Amino acid sequence: MGIFRLQSLVANAKQLIKRQDVPKGHLAVYVGEIQRKRFVVPLSYLDQPVFQDLLRRSEEEFGFNHPMGGLTIPCHEEAFVHLTAQLRIS
């Protein structure tokens, strides 16, 4: 992911954070293929290569238009839970 695109995504994420009841230093994301579930994740995940891959997929599918009010990640909920559990361990 290019630095400019990552910066744009982070700037967009900061705007989304202001519109939601999300703790400082966190970001709301919506995950799921059909029915989406809301997760609140630390902003530090944005630095992780595996999470950046999810962001690339999100950009390819949704661009920067996320009508749910948070980033929408096209990923199975179970896979996302497994991925974030691994990020918490490392």
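**Salt bridges and helix packing in the predicted model**

Asp53 counts as partly exposed because its relative accessibility is 29% (buried means under 20% relative accessible area, exposed over 50%, and partly exposed in between, with a 1.4 Å probe and protein chains only). The structure is a predicted model, in which local features need pLDDT of at least 70 and side-chain atom pairs count only at pLDDT 80 or more, whereas totals for chains, interfaces and linings use all residues. Residues are numbered from 1 along each chain as its sequence is written, and side-chain values use heavy atoms, with hydrogens and water left out.

A search of the whole structure gives two salt bridges (a side-chain nitrogen of Lys or Arg within 4 Å of a carboxyl oxygen of Asp or Glu). Asp53 pairs with Arg57 in a salt bridge whose closest N and O atoms are 3.1 Å apart. Both Asp53 and Arg57 belong to helix α2, four residues apart, or about one turn of the helix (helices are DSSP runs of H or I with at least four residues, strands are runs of E with at least two, and both are numbered from the N terminus). Arg57 is partly exposed, at a relative accessible area of 40%.

Glu77 forms a salt bridge with Lys37, with 3.5 Å between the closest N and O atoms. This pair joins distant parts of the chain, 40 residues apart: Glu77 lies in helix α3 and Lys37 in strand β2 (residues 37-42). Glu77 is partly exposed at 27% relative accessibility, as is Lys37 at 40%.

Helix α2 (residues 49-62) packs against helix α3 (residues 77-89) at an angle of about 150 degrees, with the axes 10 Å apart (axes are lines fitted to C-alpha atoms, for helices over the stretch in contact, and angles run from 0 to 180 degrees between N-to-C directions). Val50, Phe51 and Leu54 of α2 and Phe80, Leu83 and Leu87 of α3 make the contact (heavy atoms within 4.5 Å).
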